[in-house]
Amino acid sequence: MSEKIYQTTQIEGKLSTIHITYSGDPSTGPVLLFYHAEFLNSELCFGPLLDHPLFKEYLASKFAIVCIDAPGHNENSKDIDKEKKIFSIDNLTSEVDTVVNTLGIEEFVSISCGWLGTYLFLNYALSHSNKFRGMVFIGGSLEACNWFEWSTNKVLQTSIKWGFFGAWQAGKIVERYLPSEWIEKNKSTCSKIEKKISQLNPIALHKCFEFCSSRLNLEKKISSLEIQCLNYAGGLSINYEQSLEINSLIETGYSSFINLSHCGTLITVQEPISIIDPLCQFLKGCGYTSIKSPSIKEIKIWKAKEK
């Protein structure tokens, strides 16, 4: 992410150091609070969206941006203790609470991706619903561990055992989140993503996946939330059916659904322009009435550039 706009800092949590990327003053708000998908970090998951010129113009100029990395998920991180149970829902929600309180955030709109971010913010909302002005899910999932996750977990276990985590493993993670046709057309971009993934701490990735594999169902609890939600789903995402399920579980009248049939899970990487206008409209509905949206002409110009 652009160093000119976004800064990084660290906050000490109960069991680990919390790495965050931010812009603006979160204590004065309003705030967009991001949490990434499993196997990634904030830069890999949200970087192309946050760096998009239209996002900077219409959203980063109006909101403080705060992105939280899961423990050990920032590049070249070495701060994971194998013996500590860092990845539990209680600890991860505690880390979110630590960030919110340390930065003086009174309320925010959450933006999450994949299973990890979605599950974490939904759990946090169950006990801190007064903090949420809205929730945004991108390729969200609540499904229990499927075959792909189980097999990838085994690959990570082997990698950790032999002290190796590199390009092949990183490539499998990219395949999880992006459509094969897009990967083929954007080899250079995908190679850069794979390189950055391979620099992540494999122990942290493995511990995170163990946590993902043992997750509990939230279906009954979600229906009690009365928070405005915006749900993006990529038609080619492995989480597509689960994104539909999340939408069906939220109380009628509280959820809007955006279906991008040609996208995978990482819409933020594949087509960030398609995130921005619906997000602006959603934020207006959350009470931020001064937010403007890109014009149709601007959107068309950028879509043409990004083809």
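Visitor: Which strand is joined to β3 by 5 bridges, and do the two run parallel or antiparallel?

Guide: Strand β4 (residues 64-68) is joined to β3 (residues 31-35) by 5 bridges, and the two run parallel; strands here are DSSP runs of E with at least two residues, and helices are runs of H or I with at least four, numbered from the N terminus, while two strands pair if DSSP finds at least two bridges between them. This is a predicted model, in which local features need pLDDT of at least 70 and side-chain atom pairs count only at pLDDT 80 or more, whereas totals for chains, interfaces and linings use all residues. Residues are numbered from 1 along each chain as its sequence is written, and side-chain values use heavy atoms, with hydrogens and water left out.

Visitor: What stands opposite Y35?

Guide: Y35 stands opposite I68 in β4.

Visitor: And what is the strand order in the whole sheet?

Guide: The open sheet has 8 strands in the order β1-β2-β4-β3-β5-β6-β7-β8, with mixed pairing. Because β1 and β8 (255-260) stand at the edges with a single partner strand each, one side of each has no neighbour in the sheet. From one strand to the next the twist averages 20°, where angles run from 0 to 180 degrees between N-to-C directions and axes are lines fitted to C-alpha atoms, for helices over the stretch in contact.

Visitor: How do β1 and β2 pair?

Guide: Strand β1 (residues 7-12) and β2 (residues 17-23) are antiparallel over 6 bridges, a hairpin of 4 residues joins β1 to β2, and T9 has I20 in β2 as its bridge partner.

Visitor: Switching to helices, where does α13 lie?

Guide: Helix α13 (residues 273-285) lies across β3, β5 (108-113), β6, β7 and β8, and runs at about 165° to β7.

Visitor: At what angle do α6 and α8 cross?

Guide: The axes of α6 (residues 167-177) and α8 cross at roughly 120° and come within 8 Å. Residues A167, A170, G171, I173 and V174 in α6 meet C190, I193, E194, I197 and S198 in α8, contact meaning heavy atoms within 4.5 Å.

Visitor: Last topic: what volume does the largest pocket have?

Guide: The largest pocket has a volume of about 810 Å³; a pocket is an open set of points on a 1 Å grid over the protein atoms alone, where a 1.4 Å probe fits, with protein on both sides within 12 Å along at least five of seven lines, and lining residues have an atom within 4 Å of a point. Grid points are joined across faces, edges and corners, and the volume is the space filled by probe spheres set on them. Of the 26 lining residues, W182, N186, V269, Q270 and E271 are the closest to the centre of the largest pocket.
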